[in-house]
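Subject: A structure for you to look at

Hi there,

Here is the structure I promised to pass on. Please open it and keep it beside you while you read my notes below.

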Amino acid sequence: MVVGQLRLREHVETELAALPASTPPMDRICAAVQAHLQVALDLSDFATAVTRNSGQLPDEVRARLREESSTYLALWRDLLATAKAAGAIRDGLDLRAARMLVMGARNWTPEWWNPRQGSLTAVIRTAQGLVRHGLGTP
(Lines give C-alpha, C1' and ligand atoms only; values in the text may rest on other atoms or scores of the structure.)
Protein backbone atom coordinates (compact mmCIF):
# COMPACT_ATOMS: atom_id res chain seq x y z
CA MET A 1 0.00 0.00 0.00
CA VAL A 2 2.90 2.33 0.67
CA VAL A 3 4.15 1.48 -2.82
CA GLY A 4 0.74 2.45 -4.22
CA GLN A 5 0.76 5.80 -2.45
CA LEU A 6 4.34 6.39 -3.57
CA ARG A 7 3.53 5.57 -7.20
CA LEU A 8 0.55 7.90 -7.10
CA ARG A 9 2.62 10.80 -5.78
CA GLU A 10 5.47 10.15 -8.19
CA HIS A 11 3.12 10.06 -11.18
CA VAL A 12 1.50 13.35 -10.17
CA GLU A 13 4.93 14.94 -9.57
CA THR A 14 6.20 13.71 -12.94
CA GLU A 15 3.19 15.12 -14.77
CA LEU A 16 3.54 18.47 -12.97
CA ALA A 17 7.28 18.63 -13.70
CA ALA A 18 6.58 18.12 -17.41
CA LEU A 19 4.43 21.26 -17.57
CA PRO A 20 5.98 24.52 -18.77
CA ALA A 21 6.99 26.87 -15.96
CA SER A 22 4.43 29.37 -17.25
CA THR A 23 1.48 26.99 -16.71
CA PRO A 24 -1.21 28.84 -14.72
CA PRO A 25 -1.83 27.49 -11.19
CA MET A 26 -5.37 26.26 -11.92
CA ASP A 27 -4.11 24.38 -14.99
CA ARG A 28 -1.48 22.76 -12.77
CA ILE A 29 -4.20 21.68 -10.34
CA CYS A 30 -6.24 20.23 -13.21
CA ALA A 31 -3.17 18.36 -14.49
CA ALA A 32 -2.71 16.90 -11.00
CA VAL A 33 -6.38 15.86 -10.92
CA GLN A 34 -5.87 14.08 -14.24
CA ALA A 35 -2.69 12.35 -13.09
CA HIS A 36 -4.30 11.23 -9.83
CA LEU A 37 -7.33 9.76 -11.58
CA GLN A 38 -5.19 8.03 -14.20
CA VAL A 39 -3.35 6.19 -11.46
CA ALA A 40 -6.40 5.48 -9.33
CA LEU A 41 -8.57 4.25 -12.21
CA ASP A 42 -6.17 2.81 -14.75
CA LEU A 43 -2.52 2.52 -13.85
CA SER A 44 -2.28 1.06 -10.35
CA ASP A 45 -4.28 -1.42 -8.34
CA PHE A 46 -1.91 -0.59 -5.48
CA ALA A 47 -3.24 2.98 -5.32
CA THR A 48 -6.83 1.73 -5.17
CA ALA A 49 -5.88 -0.62 -2.32
CA VAL A 50 -4.74 2.36 -0.26
CA THR A 51 -8.19 3.94 -0.34
CA ARG A 52 -10.09 0.73 0.20
CA ASN A 53 -8.01 -0.76 3.01
CA SER A 54 -6.16 1.95 4.90
CA GLY A 55 -8.46 1.74 7.93
CA GLN A 56 -7.72 -1.97 8.37
CA LEU A 57 -3.93 -1.83 8.53
CA PRO A 58 -1.70 -2.74 11.45
CA ASP A 59 -0.36 0.31 13.28
CA GLU A 60 3.21 0.00 11.95
CA VAL A 61 2.04 -0.18 8.33
CA ARG A 62 -0.43 2.64 8.89
CA ALA A 63 2.39 4.81 10.28
CA ARG A 64 4.50 4.26 7.13
CA LEU A 65 1.50 4.99 4.93
CA ARG A 66 0.70 8.12 6.93
CA GLU A 67 4.20 9.48 6.22
CA GLU A 68 3.81 9.02 2.45
CA SER A 69 0.25 10.36 2.55
CA SER A 70 1.49 13.47 4.38
CA THR A 71 4.00 14.12 1.62
CA TYR A 72 1.26 13.79 -1.00
CA LEU A 73 -1.10 16.07 0.92
CA ALA A 74 1.72 18.64 1.15
CA LEU A 75 1.98 18.59 -2.64
CA TRP A 76 -1.73 19.44 -2.85
CA ARG A 77 -1.42 22.05 -0.10
CA ASP A 78 1.29 23.76 -2.14
CA LEU A 79 -0.74 23.60 -5.36
CA LEU A 80 -3.73 25.25 -3.70
CA ALA A 81 -1.65 27.83 -1.80
CA THR A 82 0.12 28.83 -5.02
CA ALA A 83 -3.21 29.18 -6.81
CA LYS A 84 -4.63 31.22 -3.93
CA ALA A 85 -1.60 33.54 -3.92
CA ALA A 86 -2.00 34.03 -7.68
CA GLY A 87 -5.66 35.01 -7.24
CA ALA A 88 -6.91 31.87 -8.99
CA ILE A 89 -8.96 30.61 -6.02
CA ARG A 90 -12.14 32.27 -4.86
CA ASP A 91 -12.03 34.32 -1.68
CA GLY A 92 -13.66 32.79 1.34
CA LEU A 93 -12.74 29.17 0.65
CA ASP A 94 -11.16 27.18 3.45
CA LEU A 95 -8.16 25.71 1.60
CA ARG A 96 -7.84 22.76 3.97
CA ALA A 97 -11.49 21.83 3.56
CA ALA A 98 -11.24 22.35 -0.21
CA ARG A 99 -8.16 20.12 -0.40
CA MET A 100 -9.78 17.35 1.63
CA LEU A 101 -13.05 17.52 -0.31
CA VAL A 102 -11.26 17.36 -3.66
CA MET A 103 -9.06 14.53 -2.38
CA GLY A 104 -12.04 12.63 -1.04
CA ALA A 105 -13.95 12.93 -4.31
CA ARG A 106 -10.98 11.65 -6.31
CA ASN A 107 -10.29 8.81 -3.88
CA TRP A 108 -13.91 7.65 -3.97
CA THR A 109 -13.96 7.39 -7.78
CA PRO A 110 -12.65 3.78 -7.94
CA GLU A 111 -15.66 2.72 -5.88
CA TRP A 112 -18.22 3.80 -8.48
CA TRP A 113 -16.50 4.25 -11.84
CA ASN A 114 -16.98 1.52 -14.40
CA PRO A 115 -15.38 1.84 -17.85
CA ARG A 116 -18.45 0.23 -19.41
CA GLN A 117 -20.55 3.15 -18.21
CA GLY A 118 -18.32 6.03 -19.27
CA SER A 119 -14.83 6.77 -20.43
CA LEU A 120 -11.90 7.63 -18.21
CA THR A 121 -11.50 10.81 -20.26
CA ALA A 122 -15.06 11.86 -19.43
CA VAL A 123 -14.53 11.27 -15.72
CA ILE A 124 -11.27 13.24 -15.75
CA ARG A 125 -12.79 16.15 -17.70
CA THR A 126 -15.78 16.25 -15.34
CA ALA A 127 -13.54 16.21 -12.26
CA GLN A 128 -11.37 18.96 -13.72
CA GLY A 129 -14.43 21.08 -14.48
CA LEU A 130 -15.80 20.66 -10.97
CA VAL A 131 -12.44 21.56 -9.44
CA ARG A 132 -11.79 24.50 -11.79
CA HIS A 133 -15.24 26.03 -11.38
CA GLY A 134 -15.71 25.04 -7.74
CA LEU A 135 -12.41 26.50 -6.55
CA GLY A 136 -11.65 29.06 -9.21
CA THR A 137 -12.53 32.69 -9.52
CA PRO A 138 -15.41 33.53 -11.88
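Predicted model: local features only at pLDDT ≥ 70, side-chain atom pairs only at ≥ 80, totals over all residues.

In one of them, the side chains of Glu 13 and Arg 9 meet, with N and O at 3.1 Å. These two residues sit four places apart in helix α1 (residues 2-17), so about one helical turn separates them. Are the partners buried or exposed? Arg 9 has a relative accessibility of 13%, so it counts as buried, while Glu 13, at 31%, is partly exposed.

Another salt bridge pairs Asp 27 with Arg 132, and their closest N and O atoms are 2.7 Å apart. This pair joins distant parts of the chain, since Asp 27 belongs to helix α2 and Arg 132 to helix α6, 105 residues apart. Asp 27 is partly exposed at 31%, and Arg 132 is partly exposed at 30%.

The remaining bridge is between Lys 84 and Asp 91, where the closest N and O atoms are 3.4 Å apart. Here Lys 84 is partly exposed, with a relative accessible area of 28%, but Asp 91 is exposed, at 71%.

Now go back to helices α2 and α6. How do they cross? The axes of α2 (residues 25-43) and α6 (residues 120-135) come within 9 Å and cross at roughly 145°, and the crossing is right-handed. Among the residues making this contact are Asp 27, Leu 37 and Leu 41 of α2, and Val 123 and Arg 132 of α6. Sorted by class, the contact has 13 nonpolar, three polar and four charged residues.

Finally, have a look at Thr 109, which lies in helix α5 (residues 95-112). With a relative accessible area of 4%, Thr 109 is buried.

Enjoy exploring the model!

Best wishes

Definitions and conventions. Residues numbered from 1 in each chain as written. Heavy atoms only, no water. Axes fitted to C-alpha atoms, helices over the stretch in contact; angles between N-to-C directions. Left-handed = near helix turned anticlockwise from the far one by under 90°. Contact = heavy atoms within 4.5 Å. Nonpolar A, V, L, I, M, F, W, Y, C, P; charged D, E, K, R; others polar. Buried < 20%, exposed > 50% of the residue type's maximum accessible area, 1.4 Å probe, protein only. Salt bridge = Lys/Arg side-chain N within 4 Å of Asp/Glu carboxyl O.
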